[in-house]
Each structure stands twice: as structure tokens, then as C-alpha cells.
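Please open the model in a viewer and keep the selection panel at hand. The tour begins with the whole chain and then turns to individual residues.

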Amino acid sequence: MGEHEEKHEESLMVKLAEKIHGHDSSSDSGIDEPSESSIKAKVFRLFGRERSVHHVFGGGKSADTFLWRNKKISAGVLGVATVIWVLFELLEYHLLTLVCHVLIFALVILFLWSNAYAFINKSPLCIREVHIPKDPVIEFAEALRFETNLAFTVFRDIASGRDLKKFLYVIAGLWILSIVGSWCNFVTLFYIVFVLLHTVPVLYEKYEDKVDPFAEKAMHEIKKQYAVFNANVLNKIPRGPSKEKKKD
């Protein structure tokens with residue numbers, strides 16, 4: 001009996017020691033090993049974004065269209081844009097001519113359809129009245145006014161010479177845009193941008209884990225070259241007076 005009790009006590013002590021050791025190891029692992037969420041937070045994302053691509057595009061119907069959440073709607077929108085580009089570029093339609101032909105076709109169809117009901121002894125076709133609502137027009141005008149004033153403010157800040165980095169970015173962007181504009185007209189450029197918006201985001205969302213490491217290396221190299229350019233060139237260029245000096 002004495003030996004049995006001693007063995008029982010020893011087994012209880014061993015189990016208690018194992019539990020204490022297991023608790024310590026789990027607490028140590030929780031301190032030393034980072035969680036999956038912290039690891040994901042440290043992963044480099046293009047343009048420094050912290051949200052998904054769907055949220056970057058607004059998270060609404062427009063984002064669903066660009067990311068092909070509804071393939072029928074996305075394909076329909078891209079198809080309509082392609083038809084418009086073909087009409088203006090390949091068939092060389094002018095805007096006024098196209099609008100007039102569309103209106104003529106619509107009026108002829110509706111006129112014949114309305115009169116056809118009289119021959120088959122049915123009530124005439126009821127064409128609904130169309131009214132443009134007031135509130136969306138006012139909201140669009142307010143948004144356009146706000147964006148225009150913001151553009152004027154940014155233009156003024158850049159032209160004042162306070163931020164040389166932003167000034168060079170804008171000059172380079174406008175110069176590249178002028179070169180692209182010499183290759184194609186506005187309709188073709190708009191169509192190219194529209195197609196890119198319907199292809200590049202969905203491909204990036206699909207392969208972002210492969211694209212982001214390459215983008216991280218490219219951004220590191222760009223920052224390195226810019227630091228050298230900034231130290232050797234930009235810092236030697238005289239700049240305009242800052243806001244603090246003007247206040248003084």
C-alpha cells in the first residue's frame with residue numbers, strides 16, 4: 001500500500017510538472033513568435049496600401065465592375081466602350097453625326113411601333129416621360145467645383161516653388177502625357193486607360209503576392225537613386241521662401 005501511494009504521488013507530480021512546463025513553453029512561444037496578422041501587416045504592398053484592392057476602388061459597384069465580380073456587367077461595359085471606340089476611330093464617326101443617327105433610329109422605331117398598335121386594334125404605346133432629377137445634378141456640380149478648386153490650389157502650391165520634388169513629378173508626368181498624346185488622340189487614350197482599368201487591377205489582385213516582392217525591390221532601387229539625385233542636384237538648387245519665413 002505504501003509503495004502504491006508513493007507511485008501515485010510521483011505520477012501526480014510528473015503531470016503537474018508537465019503542465020507547468022507546457023504553460024511556460026506556450027507563453028514563451030507567444031512572446032517570441034509573431035502572430036499571422038502581424039506578419040501579414042509587415043508584408044510590403046504596392047503604393048503602401050493597407051486595404052484590399054476592392055476597398056481601394058471604393059468597394060461599391062464600380063469596384064465590382066473593375067474587378068470582374070459580375071462578369072456579365074464588366075464584359076458589357078467593356079463591350080460598349082469598345083463599340084464606341086470602333087465607331088469614332090475605325091469608322092471615323094463624328095460625335096454630332098452619331099448622336100443624330102441614334103436619335104433618328106430611335107424616333108423611327110418608336111413612331112412605327114406606336115402606329116402599329118392602331119392597325120391591330122390595341123391601345124397605343126405609352127412612352128414614359130423622362131425627367132432629370134435635380135439633386136444628382138447639384139451634387140455633381142458641387143463635386144466638380146470642389147475638385148476644380150482643389151486642382152487650382154495644388155497648381156498654385158507647385159508653382160510657388162516650395163516643393164521641388166512635387167514640381168519635378170508634375171513636370172515629368174505632363175511631359176510623358178504630352179508624348180503619349182502625340183501618339184494617339186483623346187478617344188484612343190481614354191479607351192486605353194479604360195481597358196487598363198478593367199484588366200490590370202484584376203490581374204494584380206490575382207497575383208499580388210508575386211507582384212509585391214518585385215515592386216518592393218523596384219521601389220527600394222528608385223528611392224536609392226532618388227537619394228543620390230537629391231543629394232547631388234536638388235539640394236544645390238535654390239528654393240522659394242517657405243511659409244514660416246513669409247509669416248515672419
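**From the whole chain to single residues**

Of the contacts in the chain with a separation of 6 or more, 59% are between residues 24 or more positions apart. The model on display is predicted.

Begin by colouring the chain by secondary structure. There are 10 helices and zero strands, and from the N terminus on the elements read α-α-α-α-α-α-α-α-α-α. Of the 248 residues in the chain, 11% are buried.

Now select H54, which lies in helix 3 (residues 53-56). Is this residue buried or exposed? H54 counts as buried because its relative accessibility is 16%, and the cut-off for buried is under 20%. Display the side chains around H54: a polar contact of 2.6 Å joins the side chain of H54 to that of D64. Leaving aside residues up to four places away in sequence, H54 touches G59, G60, A63, D64, L67 and R69.

Move on to helix 6 (residues 95-119) and select W113, which is found there. The relative accessible area of W113 is 45%, so this residue is partly exposed, a class that lies between the 20% and 50% cut-offs.

How values were computed: Residues are numbered from 1 along each chain as its sequence is written. This is a predicted model: local features need pLDDT of at least 70, side-chain atom pairs count only at pLDDT 80 or more; totals for chains, interfaces and linings use all residues. Side-chain values use heavy atoms; hydrogens and water are left out. Helices (H or I, at least four residues) and strands (E, at least two) are DSSP runs, numbered from the N terminus. Buried means under 20% relative accessible area, exposed over 50%, partly exposed in between (1.4 Å probe, protein chains only). A polar contact is a pair of N or O atoms within 3.5 Å; within protein, one must be able to donate a hydrogen and the other to accept it, and residues adjacent in sequence count only if both atoms are side-chain atoms. Contact means heavy atoms within 4.5 Å.
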